[in-house]
Amino acid sequence: MAFLLQLLVTGFAQGMVYALIALGFVIVLKCSKAFNVAQGQFVMIGGYLGYTLLGLFHLPVWLSLIIAIALAIVMGLIVERLFLRPMVGKPVLAIIMVTMGLATIIDAIAVFFWESQYLTYHGLLPTINLSVGEISVPPEILIGIMVSIVAVTLLMIFFRFTRIGLVMRATAEDEQVVQIAGIKVTTVYAVSWAIAWVVGMIGGILLGGQGGVTIQMEHVGLKVLAVVLLGGIDSIEGSVVAGIMLGMLENIAAGYLDPLLPAGGLATVFPFIIMIIVLIFRPYGLFGLKRIERI
Amino acid sequence: MDLPCGTFHENYAQDMAVIRTGKQWGALVIFLILLIAYPFFVSDSLLSIGIVIGITVVSVHGLNILTGYCGQISMGHAAFMAVGGYVSGILCARFGWSFFAALPFAGLCAGLVGLFFGLPSLRIKGFYLIMATVAAQFIVIWVILQLYSITGGPEGLPVPRPEIAGMVLKSKASYFYMVMIFAVLATIVAKNLVRTRVGRAFIAIRDNDLAAEVMGINVFGYKLLAFFIGCVFAGVAGSLLVHYVTFAFPAQFPFLDSVWYLGMLIAGGMGSISGGIFGVVALKLLDYAVTLAGPAASGIFPALSGPAGAAVGLFIRGLVIILFLIYEPRGLINRWELIKAYFRLWPYSR
């Protein structure tokens with residue numbers, strides 16, 4: 001029982017971070033209609049940046065976060081202006097390939113500055129020890145949960161109560177109407193990419209603090225697709241719930257089934273199995289609108 | 001502007017012919033002679049590039065039929081290649097089959113796996129289908145790792161080179177000829193397939209699936225057929241790759257390759273068989289140029305040796321594909337047609 005609860009707690013923490021990263025993906029997909037293959041690369045850069053700021057320069061955590069967020073916003077704006085703006089109105093596949101090229105460039109940056117090494121900054125994030133009965137909550141995990149919850153809540157408030165949040169929701173609904181109403185859609189695109197970078201970077205710093213950072217971390221960006229799909233592709237609340245669910249399920253599956261399998265490693269592939277199941281039986285996800293055309 | 005001025009179709013055979021004018025026949029013969037002469041004149045590394053281009057052409061033709069003609073975007077093409085490669089590798093290495101007996105099985109198995117992952121296309125399209133094929137990529141590679149007692153797992157599986165009439169294709173040149181025969185065959189099959197009833201059905205589904213269904217096309221059946229055919233091509237290509245490297249290992253078929261195959265398709269021009277070939281050649285040569293440029297640049301700037309040089313290579317690769325998409329979105333084939341039209345219309349072109 002303690003084992004199960006331990007898995008659930010770890011899964012919950014991981015799921016919260018997944019949800020955060022998934023939000024970045026969903027926002028870009030909804031607002032600028034771009035299927036962003038590079039989301040995992042944002043996470044990886046976040047992890048490496050976390051190492052540089054916390055592990056190398058020994059900056060305090062709050063300052064590191066502010067620097068990371070500022071840098072993320074700048075990167076988001078640059079990326080949108082240089083690479084995505086010229087692609088407005090181009091075919092879906094072309095935009096996917098542009099984000100793929102972007103992913104390659106970010107990989108190159110990671111190789112250039114950090115030489116794609118395995119780096120850790122264990123124990124540098126603030127830790128809170130908590131144990132309930134037999135289960136001890138690993139300290140990095142708790143801070144991960146808290147930061148993710150704060151970030152997700154802030155984003156929700158942003159979408160619900162600010163003007164630009166409203167405009168972004170409207171753009172997701174119908175871009176042409178928004179343009180007719182005299183709103184610059186390009187601003188929305190820029191903000192959506194900036195948000196994607198910010199949540200990616202924060203997620204990267206959190207994940208890096210838990211398990212170290214390698215260039216392999218970019219695979220999170222693909223795992224997050226399962227979260228997005230399970231939650232319903234156009235639902236922000238859905239991706240939070242789905243992220244937590246998937247994090248827990250993944251940990252339980254890996255904890256109980258891995259010893260039974262010849263080579264293990266179920267955690268890496270579990271989200272994709274969920275993805276196929278969701279696609280076949282419930283393609284609009286748990287909370288998405290049933291807007292998919294039946295063909 | 002498909003044909004030069006003064007070329008008339010006077011009967012059905014002429015109308016249907018792929019190659020119409022004497023000059024086109026001449027160009028084809030010259031191209032084939034150059035292809036045969038290629039191994040005699042180039043360095044070892046260029047010969048390897050030639051082999052890889054041939055294998056990739058086979059694979060990208062499959063992807064072109066699936067994505068370019070039928071409109072079903074697949075981001076798991078490398079995984080289907082892996083299925084083909086492993087099936088023929090296992091049959092040859094563990095059961096002692098000959099390569100040519102194992103190859104059809106490799107294609108068939110890859111096709112069947114493709115069929116399975118094509119099943120979600122019954123209900124979904126667009127973004128959702130992309131996700132299904134991304135899932136296919138990771139699930140297939142994971143299954144290969146799980147079956148390590150027969151696939152060798154992460155350590156890989158040694159695979160013999162093919163044998164023709166007691167003669168093992170040990171040299172690169174001999175393998176180059178075999179790959180090129182397959183590439184030419186695949187091109188002929190693909191080019192003719194898309195002109196048949198099946199190919200026209202694919203195009204109808206790509207352009208408007210609702211209209212296609214109203215016209216009496218079995219949309220789901222043809223989508224699955226597209227998945228099957230596309231993945232058979234991938235399986236054959238994977239088998240050729242594994243027997244060329246003489247080793248099968250999971251890292252040979254990464255997710256990035258799946259995406260780069262799509263990139264090649266876009267760079268060349270989707271929905272055009274020659275476009276696929278253009279894309280493969282252009283991006284593979286770019287890769288080669290980048291690998292050459294890395295050490296050369298580190299000779300001039302010593303700071304660029306080691307990982308930094310690799311980073312510059314990656315950077316150029318990413319930048320080229322982005323610039324390409326921004327400035328040449330219709331692919332190289334479009335530019336090629338424009339150049340041809342320019343010379344045909346000369347001196348009235350501008």
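This is a predicted model: local features need pLDDT of at least 70, side-chain atom pairs count only at pLDDT 80 or more; totals for chains, interfaces and linings use all residues.
## Helix H4 of chain B

H4(B) itself runs over residues 77-95. With 19 residues at 1.5 Å each, this helix should span 27 Å, and its end C-alpha atoms sit 26 Å apart, which agrees. How many of the residues of H4(B) are buried? The count is 17 of 19, so the helix is mostly covered.

## H3 against H8 in chain B

Now for some helix packing. Two packed helices are described by the angle between their axes and the distance between the axes. Take helix H3 (residues 44-69) and helix H8 (residues 172-193), both of chain B: their axes come within 9 Å and cross at roughly 25°. Because angles under 35 degrees count as roughly parallel, H3(B) and H8(B) are roughly parallel to each other. Their crossing is left-handed.

Who does the touching? On the H3(B) side, the contact residues include B:Leu47, B:Gly50, B:Ile51, B:Gly54, B:Ile55, B:Val58 and B:His61. H8(B) answers with residues including B:Tyr175, B:Phe176, B:Val179, B:Met180, B:Ala183 and B:Ala186. Sorted by class, this contact has 16 nonpolar, six polar and two charged residues. B:Asp44 of H3(B) and B:Lys172 of H8(B) are also among the residues making it.

## H5 against H11 in chain B

Another pair in chain B is helix H5 (residues 99-118) with helix H11 (residues 219-245). Here the axes come within 7 Å and cross at roughly 140°. That makes H5(B) oblique to H11(B), since an angle has to be over 145 degrees to count as roughly antiparallel.

Is the crossing left-handed or right-handed? For H5(B) and H11(B) it's right-handed. As for the make-up of the contact between H5(B) and H11(B), there are 14 nonpolar residues, nine polar ones and one charged.

## Where the chains meet

Finally, the interface. Chain A puts 42 residues in contact with 41 residues of chain B. On the chain A side, the elements giving two or more residues are helix H4 (92-114), helix H9 (220-231) and helix H11 (266-281). Which of them has the largest share? That's H4(A), with 14 residues.

By class, the side of chain A that touches chain B has 33 nonpolar, five polar and four charged residues.

Definitions and conventions. Residues are numbered from 1 along each chain as its sequence is written. Chains are lettered from A and ligands numbered from 1 in the order in which they are written. Two residues are in contact if their C-beta atoms, placed from the backbone, lie within 7 Å. Helices (H or I, at least four residues) and strands (E, at least two) are DSSP runs, numbered from the N terminus. Ala, Val, Leu, Ile, Met, Phe, Trp, Tyr, Cys and Pro count as nonpolar, Asp, Glu, Lys and Arg as charged, and the others, Gly among them, as polar. Axes are lines fitted to C-alpha atoms, for helices over the stretch in contact, and angles run from 0 to 180 degrees between N-to-C directions. Angles under 35 degrees count as roughly parallel, over 145 as roughly antiparallel, 65 to 115 as roughly perpendicular and the rest as oblique. A crossing is left-handed if the near helix is turned anticlockwise from the far one by less than a right angle, and right-handed if clockwise. The expected span of a helix is 1.5 Å times one less than its number of residues. A residue is buried if 20 or more other C-beta atoms lie within 10 Å of its own, exposed if 12 or fewer, and partly exposed in between; C-beta atoms are placed from the backbone.
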